[in-house]
Amino acid sequence: MPRQLAAILICLSVLFSLSAASGAMAQSSVSPQTSTVDSNPAVSKLDDILRRQQGLKSSDETIRPNEIGDPANAKPINSQLGTLGGVSDADFWRAFRFGEADISTQARVPAATTLIQDGGMWWLDFRRGPLQTIAIYLLGGTLLALAVFYLIRGRIRIDGEKTGRTLLRFSAFERFGHWMLASSFILLGLTGLISLFGRKVIIPAFGHEAFSFVAIVSKWVHNNVSWAFMIALIFVFVVWVVHNIPDRTDLRWLLKGGGLFGGGHPPAKKFNAGQKLIFWAVILLGGSISLSGLSLLFPFEFNLFGHTFSLLNGWGVSGWFGMADLPYPLAPQEEMQYAQLWHALVSLTLTAIIFAHIYLGSIGMEGAFDAMGKGEVEEQWAREHHSIWAEEVAGPKTTVRKEP
Ligand code: HEM
């Protein structure tokens, strides 16, 4: 009987200490930033995990990297932990976490060398929060600005009298390149936005199954249509680059604000300075989107960011802005995280620019759409917006004399 009583007492004390420990864990999960290192290892581990998830330094970051076992302290083979060579399981996992473990895996893919990458939390948080906010302000702000511009300026009309004659502005070949670029970009933009906002918008409105279907289709379309975009980008670059080399007429055009707010249209060649800016934005930002996209399409194959960061650090670029060096070297997973963020931010910037382009190429300017729709433009439109080009292709303006 005394032995049974002792057993009951032991059980009760174990239960009591367990409930005390779980109470302490619950408390530390409420406010991980404020808690200090606890003597209870379970508490400090949870605290540590929660702080790392928030991108904060863990409270005992200075001690733990050293607690990774020491083969020199190996226990004899006949005692507990003997076969581990002085390293316990906890020591092993800590060594993994701090990148100190000498590991080898059967997998031979590049990312297999990193078993734990706790830095992924800041990326996930940024993608779920600030990135979406930036997207809303940038795209929403641009649409709003265009609506205000339309209300103030109205549609840009052809000022003079229409001639009834047309000039060939873009061949079928050029228009094919433009529409391939435009349609692929629009599809990529839509499917990209679905992958960024789908969880927040589609799941609450239509449920998980609908989102799953839309997400799978979107990803497929996005991955495959990207090739059409890249081919069209090269096509458009080759066909139009000669007309987009900056010259002195562009400076005059810019100084006059393109005549957008009155004062007449400044002279321009085939493309005016505004269009040249659009062209180079499409080529440079589109090129950068393509490169980061390729790095996402073939994960861990093209490591763009580690090399770039080390170059920038070498030149001391972050020092010019009073900032610390950029992180280097990067884990393969970090490369992917930077590629994803860059891809999204540059795509959002180009989309905002393209909103303005689509506005001016359609409802914003009378006669502009015909250039890409039919390929031919009203001669008067050409003389007003591209006077130098119009004179080159149609000769000087002839005034039609009225019969007396
Ligand atoms: C429905 C959407 C679009 C419309 C209505 C449209 C319309 C036009 C028009 C009318 C022009 C010729 C302007 C002129 O005659 O001077 C043009 C040119 C051009 N478009 Fe588009 N476009 C659209 C989408 C896009 C997209 C998505 C891109 C690129 C991602 C793009 C890139 C270009 C470039 C590089 C040029 C030549 C430079 C310039 O005129 O700015 N377009 N577009």
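**Helix packing and the ligand shell**

Helix α7 passes α9 in a left-handed crossing, that is, the near helix is turned anticlockwise from the far one by less than a right angle (clockwise would be right-handed). The model is predicted: local features need pLDDT of at least 70, side-chain atom pairs count only at pLDDT 80 or more, and totals for chains, interfaces and linings use all residues. Residues are numbered from 1 along each chain as its sequence is written.

α7 spans residues 208–240. Its axis lies 10 Å from that of α9, at an angle of about 145°. Axes are lines fitted to C-alpha atoms, for helices over the stretch in contact, and angles run from 0 to 180 degrees between N-to-C directions. On the α7 side, the contact involves Asn223, Ser226, Met230, Leu233, Phe237 and Trp240. These meet Phe279, Ile283, Gly286, Gly287, Ser290, Gly293 and Leu297 of α9. Contact requires C-beta atoms, placed from the backbone, within 7 Å. Seven residues of this contact are nonpolar, six are polar and none is charged. Nonpolar covers Ala, Val, Leu, Ile, Met, Phe, Trp, Tyr, Cys and Pro; charged covers Asp, Glu, Lys and Arg; the others, Gly among them, are polar.

α9 also packs on α12. Their axes come within 9 Å and cross at roughly 155°. α9 is therefore roughly antiparallel to α12, a term for angles over 145 degrees. This crossing, too, is left-handed. From α9, the contact includes Ile278, Ala281, Leu285 and Gly286. From α12, the residues include Met336, Ala339, Trp342, His343 and His357. By class, the contact of α9 with α12 has 11 nonpolar, 10 polar and no charged residues.

The ligand is surrounded by 21 residues, counted when the C-beta atom, placed from the backbone, lies within 6 Å of it. The closest are Ala182, Gln275, Ile278, Gly361 and Ala371. Four helices each supply at least two shell residues: α6 (172–206), α9 (273–297), α12 (332–361) and α13 (369–373). α6 gives the most, with five. The shell holds 15 nonpolar residues, five polar and one charged.

Overall, the chain has 15 helices and two strands. These are DSSP runs numbered from the N terminus (helices H or I, at least four residues; strands E, at least two). Of its 404 residues, 16% count as buried, with 20 or more other C-beta atoms within 10 Å of their own, C-beta atoms being placed from the backbone. Among contacts with a separation of 6 or more, 61% join residues 24 or more positions apart.

How values were computed: Contact = placed C-beta atoms within 7 Å. Buried ≥ 20, exposed ≤ 12 C-beta atoms within 10 Å, placed from the backbone. Parallel < 35°, antiparallel > 145°, perpendicular 65-115°, else oblique.
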